[in-house]
Amino acid sequence: MNPTRRHCLSLGAALIGALATPYAGAQTTTPIKFQLDWRFEGPSALFLLPTAKGYFKQAGLDVTVDAGNGSGGTVTRIASGSYDMGFADMAALMEFHANNPDAPNKPVAVMMVYNNTPAAAFALKKSGIAKPGDLTGKKLGAPVFDAGRRAFPIFAKANGIGSVAWTSMDPPLRETMLVRGDVDAITGFSFTSLLNLEARGVKPQDVNVMNYADYGVKLYGNAIIASPKLIKENPAAVKAFLVAFAKGAKDVMANPAAAIEYVKQRDGIVNVPLETRRLQMAINDVVNSPDARAEGFGQVVPARLSLMASQVSDAYGTKTRVDPAAVWNGSLLPTKAELNVLPAARK
């Protein structure tokens, strides 16, 4: 072959390769619209880090992560098809299933992240409320959709709490009303309300925190949920997402302070020290909890899930009973080795 012909062939091959590469990449990249349960705060790093570090991209996914405004909204938006996957409270997912039995696209949980509910009751020590039973007859405050308020009947039953009076408010007013004495106690997430009270001048040592998980309420918390349409049409994409997420979660738990930088990239006005503490509290309380270490990150125990389904059916007064088999699909979970992401227990 003469040099001129060889050169032309080489140029032609290079041109074909250059044209084919972007096309092949486009063919193998799956877009995933993902919605969080709340705004960009410390725990959001669990999803923002693997996005920013390219873990999802390396898995063949084009993932966009948006802030949310409550688990109920996240569940509804995935059911409507606006989002493919999200992060939401398992109880909110159960409620949607039981109240919308004929909905065609009910999301399902595919990985447990908060092995324990972050729900807790908070009271100032000066109120004399030191244990759950002391809440009987008291005035409690929380937004109507608050997970702790919705699950309070379960907490009350487990601890013999009598009737209480509820005051409703918007989330930004919850801790303020407790500090002012407008209510005797509030419910909220452990890593949210305590820090909010501190921001309002209350010292942590002056607050009694009653975590539901410490008082006999073994509800699961937030899970990664997915559209059944996506699971059916592209199960490989869901599994790839979970593998990449687990890899990112390991990084976050190994160095929470560094992970907060990825939250700041999405919301430049976040208080970095505060959100670092919030993330560490979330890891300690609900992600790397004793229950999570016993059961395994990402997984659920069928008997515990069934009990929760029954408790949610009763406490939330759902139209139909929650079917635990319908809200959970663990078939796409990563391998045991890939789920080995929890740091060693603190001494």
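Predicted model: local features only at pLDDT ≥ 70, side-chain atom pairs only at ≥ 80, totals over all residues.
**Notebook: sheets, helices and spaces**

Residues are numbered from 1 along each chain as its sequence is written, and side-chain values use heavy atoms, with hydrogens and water left out.

**Entry 1**

I noted the naming: helices (H or I, at least four residues) and strands (E, at least two) are DSSP runs, numbered from the N terminus. Strands of a sheet pair through backbone hydrogen bonds, either parallel or antiparallel. Two strands pair if DSSP finds at least two bridges between them.

I looked up strand 1 (residues 30-35) and found six bridges to strand 2, with the two running parallel. They belong to an open sheet of five strands in the order 2-1-3-10-4, with mixed pairing. Strand 2 (61-66) and strand 4 (108-112) are at the edges with a single partner strand each, so one side of each has no neighbour in the sheet. On average, neighbouring strands here are turned by 30° against each other, direction ignored.

Next I checked what lies on the strands. Helix 4 lies across strand 1, strand 3 and strand 10 (222-226) and runs at about 145° to strand 3. Axes are lines fitted to C-alpha atoms, for helices over the stretch in contact, and angles run from 0 to 180 degrees between N-to-C directions.

**Entry 2**

Strand 6 (residues 139-141) pairs with strand 8 in the parallel sense over two bridges. Gly 141 has Ile 186 in strand 8 as its bridge partner.

**Entry 1: two helices**

I turned to helix 2 (residues 45-52) and helix 11 (residues 235-254). They pack at an angle of about 105°, with axes 8 Å apart. That makes helix 2 roughly perpendicular to helix 11, because angles of 65 to 115 degrees count as such, under 35 as roughly parallel, over 145 as roughly antiparallel and the rest as oblique.

I listed the contact (heavy atoms within 4.5 Å). Among the residues that meet are Leu 46 and Phe 47 in helix 2, and Phe 241 and Phe 245 in helix 11. The contact divides into ten nonpolar residues, one polar and one charged. Ala, Val, Leu, Ile, Met, Phe, Trp, Tyr, Cys and Pro count as nonpolar, Asp, Glu, Lys and Arg as charged, and the others, Gly among them, as polar.

**Entry 2: the largest pocket**

I looked for a pocket (on a 1 Å grid over the protein atoms alone, an open set of points with protein on both sides within 12 Å along at least five of seven lines; lining residues have an atom within 4 Å of a point). The largest pocket holds about 880 Å³ of space. Its lining has 42 residues, with Asp 37, Trp 38, Gly 70, Phe 145 and Phe 189 nearest the centre. A volume is the space filled by 1.4 Å probe spheres set on the points, and grid points are joined across faces, edges and corners. Helix 9 gives the most to the lining, with five residues.
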